[in-house]
Amino acid sequence: MKQVILFLLFSTVSSAYAQRSFSKNELSINAFRNPSVGLEYRHRQISVHAGYYPTIVSQNSTGENQTTSFVRAGVSLWFLPLGRKENPSSFYTSLSYVRGLDRTYQNDNGLMVDAGFRWMIWKGLNVRIGAALLAAPNHSVKINPTPGLSYSFFFK
């Protein structure tokens with residue numbers, strides 16, 4: 001049974017990397033949250049991103065959610081492109097360094113692991129939905145949804 005599972009996993013991963021439907025280069029202006037409000041550059045299936053990342057990780061004394069801000073920079077891996085569009089929708093996973101800007105995370109360092117799906121709506125307009133795990137020393141691990149809105153420019 002283990003051999004069957006390993007074979008299926010290997011087949012899926014190798015077929016995902018064998019597909020060449022990603023454009024060679026992409027520059028994204030990320031307007032909302034995922035991966036951050038900032039810029040992202042992708043070459044084939046690897047991208048780097050940097051920007052401002054707001055998220056809810058705590059509540060105030062009355063129980064209302066509080067937005068905490070971070071600077072976020074990291075890398076993403078894109079895989080399993082879907083559809084026959086020139087620029088397909090696809091899945092992604094990323095690893096990022098975060099630095100807290102306010103509240104209980106101010107000046108704290110952390111790591112964020114994110115996975116999800118990017119849907120190419122029209123030309124370069126796309127939305128993302130995923131989930132992120134935030135880990136930082138002296139803080140409990142947080143898991144949050146990661147919606148995003150971006151516009152991408154594709155070039156050779």
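In this predicted model, strand 4 and strand 5 form a hairpin with six residues between them. Within the turn of that hairpin, Gly83 has a positive phi of about 95°. The two strands, strand 4 (residues 65–82) and strand 5 (residues 89–100), pair in the antiparallel sense over eleven bridges.

**The chain as a whole**

- The protein chain has 156 residues, of which 38% count as buried.
- Its accessible surface comes to about 9000 Å², and carbon and sulfur atoms account for 67% of that area.
- Among contacts between residues at least 6 apart in sequence, 49% join residues at least 24 apart.

- Phe91 stands opposite Phe117, a residue of strand 6.
- Ser76 belongs to strand 4 and counts as buried because its relative accessibility is 4%, where the cut-off for buried is under 20%.
- Leaving aside neighbours within four places in sequence, Ser76 is in contact with Glu40, Gln45, Ile46, Ser47, His49, Thr93 and Ser94.

- Strand 1 (residues 25–32) pairs with strand 2 (residues 37–43) in the antiparallel sense, over six bridges.
- Within this arrangement, Asn25 stands opposite His43 of strand 2.
- Strand 1 and strand 2 form a hairpin with four residues between the strands, and Arg33 takes a positive phi near 50° there.
- Strand 1 is joined to strand 9 as well, by seven bridges, with the two strands running antiparallel.
- Ser28 stands opposite Ser152 of strand 9.
- Gly148 lies in strand 9, which covers residues 148–155.
- Gly148 counts as buried because its relative accessibility is 7%, where the cut-off is under 20%.
- Apart from neighbours within four places in sequence, Gly148 is in contact with Phe32, Asn34, Asn126, Val127 and Arg128.
- Gly148 and Ser36 are 112 residues apart along the chain, yet their C-alpha atoms are separated by 8.1 Å.

**The nonpolar core**

- The largest nonpolar core has nine residues: Tyr53, Val57, Phe70, Val98, Tyr105, Met112, Ala132, Leu134 and Ala136.
- Two elements, strand 3 (46–59) and strand 7 (125–135), each give two or more residues to this core.
- In soluble globular proteins, nonpolar side chains tend to be buried together.
- Leu134 is one of the core residues; not counting residues up to four places away in sequence, Leu134 touches Val57, Phe70, Val98, Tyr105, Leu111, Met112, Ser140, Val141 and Lys142.

**Aromatic rings and charges**

- The count of aromatic pairs comes to five.
- In the pair of Phe79 and Phe91, the ring centres are 6.3 Å apart and the planes meet at 20°, so the pair is stacked; planes under 30 degrees apart count as stacked.
- This pair links distant parts of the chain, with Phe79 in strand 4 and Phe91 in strand 5, twelve residues apart.
- Phe79 is partly exposed because its relative accessible area is 24%, and Phe91 is partly exposed because its relative accessible area is 31%; the partly exposed class lies between under 20% for buried and over 50% for exposed.
- Phe79 and Phe91 form one aromatic cluster together with Phe117, the residue that stands opposite Phe91.
- The charged end of Arg72 sits over the ring of Tyr53, 4.9 Å from the ring centre, and Tyr53 is also a member of the largest nonpolar core.
- Arg128 lies over the face of Tyr92, at 5.5 Å from the ring centre, and Arg128 is also among the residues in contact with Gly148.

How values were computed:
Residues are numbered from 1 along each chain as its sequence is written. This is a predicted model: local features need pLDDT of at least 70, side-chain atom pairs count only at pLDDT 80 or more; totals for chains, interfaces and linings use all residues. Side-chain values use heavy atoms; hydrogens and water are left out. A nonpolar core is a set of buried Ala, Val, Leu, Ile, Met, Phe, Trp, Tyr and Cys residues joined through side-chain atoms within 4.5 Å. Buried means under 20% relative accessible area, exposed over 50%, partly exposed in between (1.4 Å probe, protein chains only). Contact means heavy atoms within 4.5 Å. Accessible areas come from the Shrake-Rupley method with a 1.4 Å probe; for residues, only the protein chains shown count as cover. Two strands pair if DSSP finds at least two bridges between them. Rings of Phe, Tyr and Trp (its six-membered ring) pair if their centres lie within 6.5 Å; planes under 30 degrees apart count as stacked, over 60 as edge-to-face and the rest as tilted. A charge sits over a ring if NZ of Lys or CZ of Arg is within 6 Å of the ring centre and within 35 degrees of the ring normal.
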